[in-house]
Structures are given as structure tokens and as C-alpha cells.
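Okay, thanks for making time, everyone.

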Amino acid sequence: MPIESCRGRKIETGWEPGEGWYYRLDSGEWYGPFDAEKEAIAAAEDRIDSEDWE
């Protein structure tokens, strides 16, 4: 499970066979599925950006 970071938040991705890619922030709830890992990471970054606006 690759781990990246964005604005101090940890983004973890995971693959589920037959389903696709998922992500979670800071070891929380999983979101997905997505067709590609890069799509999951982009969605995670979008979620972080939207949380920053709240």
C-alpha cells in the first residue's frame, strides 16, 4: 500500500481485485473504488483541498 502525503495528511492507497483502487486519509475510512491509483490519489488531494475550505 503506497503512502504519499499532501499538506501534512497521509494518503494511503490500496487495490482490491475485481473492484479497483481505494484511498484513505490518515488511516481513516476507505473511499473508492477508482479505476487507477492516480485517480484515487487525485480524489484524496481534492478531499484535502475541500476540507481546507471548510
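This is a predicted model: local features need pLDDT of at least 70, side-chain atom pairs count only at pLDDT 80 or more; totals for chains, interfaces and linings use all residues.

So, how many aromatic pairs does the count come to? Three aromatic pairs, by the rule that rings of Phe, Tyr and Trp (its six-membered ring) pair if their centres lie within 6.5 Å, with planes under 30 degrees apart called stacked, over 60 edge-to-face and the rest tilted. One of them is Trp15 with Trp21, a tilted pair with 5.6 Å centre to centre and 55 degrees between the planes. Trp15 itself is partly exposed, at 47% relative accessibility; on this scale buried is under 20% relative accessible area, exposed is over 50% and partly exposed is in between, using a 1.4 Å probe and protein chains only.

Residues are numbered from 1 along each chain as its sequence is written, and side-chain values use heavy atoms, with hydrogens and water left out.

Back to the rings. Tyr23, Tyr31 and Phe34 are linked into a cluster by ring pairs.

Now the strands. Helices (H or I, at least four residues) and strands (E, at least two) are DSSP runs, numbered from the N terminus, and two strands pair if DSSP finds at least two bridges between them. Strand β1, residues 3-6, runs antiparallel to β2, residues 9-16, and four bridges join them. Along that pairing, Ile3 has Glu12 as its bridge partner, and Glu4 stands opposite Ile11. The two strands make a hairpin with two residues between them, and Arg7 in the turn has a positive phi of about 55 degrees.

On we go to β2 and β3, which pair in the antiparallel sense over six bridges. This is a hairpin too, with three residues between the strands, and here Gly18 in the turn has a positive phi of about 80 degrees.

Keep an eye on Glu12, which stands opposite Arg24 in β3. What do the side chains of Arg24 and Glu12 meet in? A salt bridge, at 3.0 Å, N to O; the cut-off is a side-chain nitrogen of Lys or Arg within 4 Å of a carboxyl oxygen of Asp or Glu. Arg24 lies in strand β3 and Glu12 in strand β2, so this pair ties together parts that are twelve residues apart in sequence. Buried or exposed, then, for Arg24? Buried, with a relative accessible area of 19%, and Glu12 is buried as well, at 8%. Arg24 touches Lys10, Ile11, Glu12, Glu29 and Trp30, leaving aside residues up to four places away in sequence, where contact means heavy atoms within 4.5 Å.

Searching the whole structure turns up two salt bridges.

Next, the inside. The largest nonpolar core has eight residues: Cys6, Ile11, Tyr23, Leu25, Ala40, Ala43, Ala44 and Ile48. By core I mean a set of buried Ala, Val, Leu, Ile, Met, Phe, Trp, Tyr and Cys residues joined through side-chain atoms within 4.5 Å. The elements giving two or more residues to this core are β3 and α1, and the largest share, four residues, comes from α1. Leu25 has contacts that include Ile11, Ala44 and Ile48, along with Arg47 and Glu51.

Last stop is the helix. Lys38 is found in α1, residues 37-53, and it is exposed, with a relative accessible area of 67%. Its C-alpha atom is separated from that of Gly28, ten residues apart along the chain, by 19 Å.

That's my tour, so over to you.
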